[in-house]
Structures are given as C-alpha cells and as structure tokens.
Amino acid sequence: RPAGEQSYLALGDSLAEGYQPDQTAGQGYPNQLDALLRSHGSVLSLDNLGCGGETTQTLVSGGICSYPGGPNQLQAALEFLHAHQGHVPLITINIGGNDVNSCNNLTSVSSADACTESAMPAMNSNLTAALTALRAADPSAVITGLNYYVPELADWLNGSSGPTAAAAQLSAMKLMNAALAADYQAAGARYADVFSEFQSDDLTSKTTLPGYGSVPVDVAMVCQWTWMCSEGDQHA
C-alpha cells in the first residue's frame, strides 16, 4: 500500500459481502458507504472480508470462506489490522443473522423467541471475543456494528396465517437485536440501527404497496428494499 493510505475494513455475512440473487456480490452496504464517504472527501480503500453464510462461530473458527491472511475471517481481519497499523480508521461488522437460521420458519411468538434465546449464549460469546480481539489489534479504529431488519415480515402477505408468522419473526428479531446492541455497547463500538431504518416495528401504520394494496409500513419497506417479495431472497 502507498504510505499513508487509509482503509475501511468490512466484516460480516452475506449482507456485508453484498450478495444478490443473481449470484453476484459487491453490491452491499459497505460499497454504498464507501461511495458515500468518498463523496464527502473521506477516501478509503475498501477491504471487504464479508462471507456468505458466516455465523459468529465460523467468524472465529472458520469453515465456510477461505482467506490468504488466516484460517478464518477474524484472523484475516487481525492480520490485516497488524499489517496496516494505524491506517484503518473504520471497521464495520454485521454478524449473527445466520446463527438463528433454524428459527426463521417458526410461526408462533413463543417458539420463535425460545429458539432465538437458545442461540444467544454462543452468539454473545463469539461476538464478544471477536470485538475484543479487533479492539486490541487497533485501539484507534472506529468499530460500528449493525443490527438486522426482518426479511420474514414479507410473510404477512402469505394468506390468513401470514400476519401471525410475521409477528413471530419480528418478536424474535427484536430479542436478537437487543443482544447485539448489548454486545456492541459493552465493546465500546458504535451501533447502526438498521432495524429502525426499515421501520421494522411498525405493523400498525399502513401504506399502499403496488400489487398488494394496503399493507403495514414495515412489510412495504422489506418489499421495496430487499428481494423478498419479488425473488423470495432476503438480501437488500
């Protein structure tokens, strides 16, 4: 790297990777954020280690994506930070969504909540270990963690049982996001509230969604900002 070049290190799952239904990548929020920063004069070199399917466990232990800088995404990130010490002002990370994949089809609040809560101890332990290691590797970097929107809100459109299923997944995601918020806060990281940007907790206010008529605002946001309603794909 040229002397003094600054980097933006992106970590996480397929949302960081920028996965799209046509099997391409590189169109995620890190790419958008990088372009936005550049438009404001903050020119950073984007280094994206995002891995589709990554969980908090594989983040720290490997098993899905391979990296030249280490056996897992966390180790590759630490190697990168050591190699570019003092030149990585920004790290973003979104992880944890895939930890609860087995809960995504549960349609009652009690079952979805219980399933999510059972995954939390391991998720919290893995994420805390990762954040501690990242902070130790570069004490000056701004670390920003993201929470999750609720793709399954699109279930609201699926017949008479749809609203119940959507409400169950909304409840479960609120539990997981609360756990993520606590982990990021404890690590001294900033917190990007994607859940609120998607107005995910508003099943009351209604708006018109072309092709569907009057629907809750949060359902409409998922349809407009992700591929859930057109392709059945949860990615933004």
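Which residue in β5 does T144 stand opposite? I looked it up: R190.

**Ground rules.** I am working with a predicted model, where local features need pLDDT of at least 70, side-chain atom pairs count only at pLDDT 80 or more, and totals for chains, interfaces and linings use all residues. Numbering runs from 1 along each chain as its sequence is written, and side-chain values use heavy atoms, without hydrogens and water.

**Sheet.** I noted helices (H or I, at least four residues) and strands (E, at least two) as DSSP runs, numbered from the N terminus. I found an open sheet of five strands, in the order β2-β1-β3-β4-β5, with parallel pairing. Two strands pair if DSSP finds at least two bridges between them. β2 (45-48) and β5 (190-192) each have a single partner strand, so one side of each lacks a neighbour in the sheet. The twist averages 20° from one strand to the next. Axes here are lines fitted to C-alpha atoms, for helices over the stretch in contact; angles run from 0 to 180 degrees between N-to-C directions.

I then checked β4 (residues 142-146): three bridges join β4 to β5, and the two run parallel.

**Helices.** α4 (residues 73-83) packs on the sheet and touches β1 (7-12), β2 and β3 (90-94). Its direction makes about 170° with that of β1. α5 also packs on the sheet, touching β1, β3 and β4, at about 160° to the direction of β4.

**L134.** I placed L134 in helix α5 (residues 109-137). L134 counts as buried because its relative accessibility is 0%; the cut-offs are buried under 20% relative accessible area, exposed over 50%, partly exposed in between (1.4 Å probe, protein chains only). Beyond neighbours within four places in sequence, L134 contacts L11, L74, A77, L78, L81 and I143. Contact means heavy atoms within 4.5 Å.
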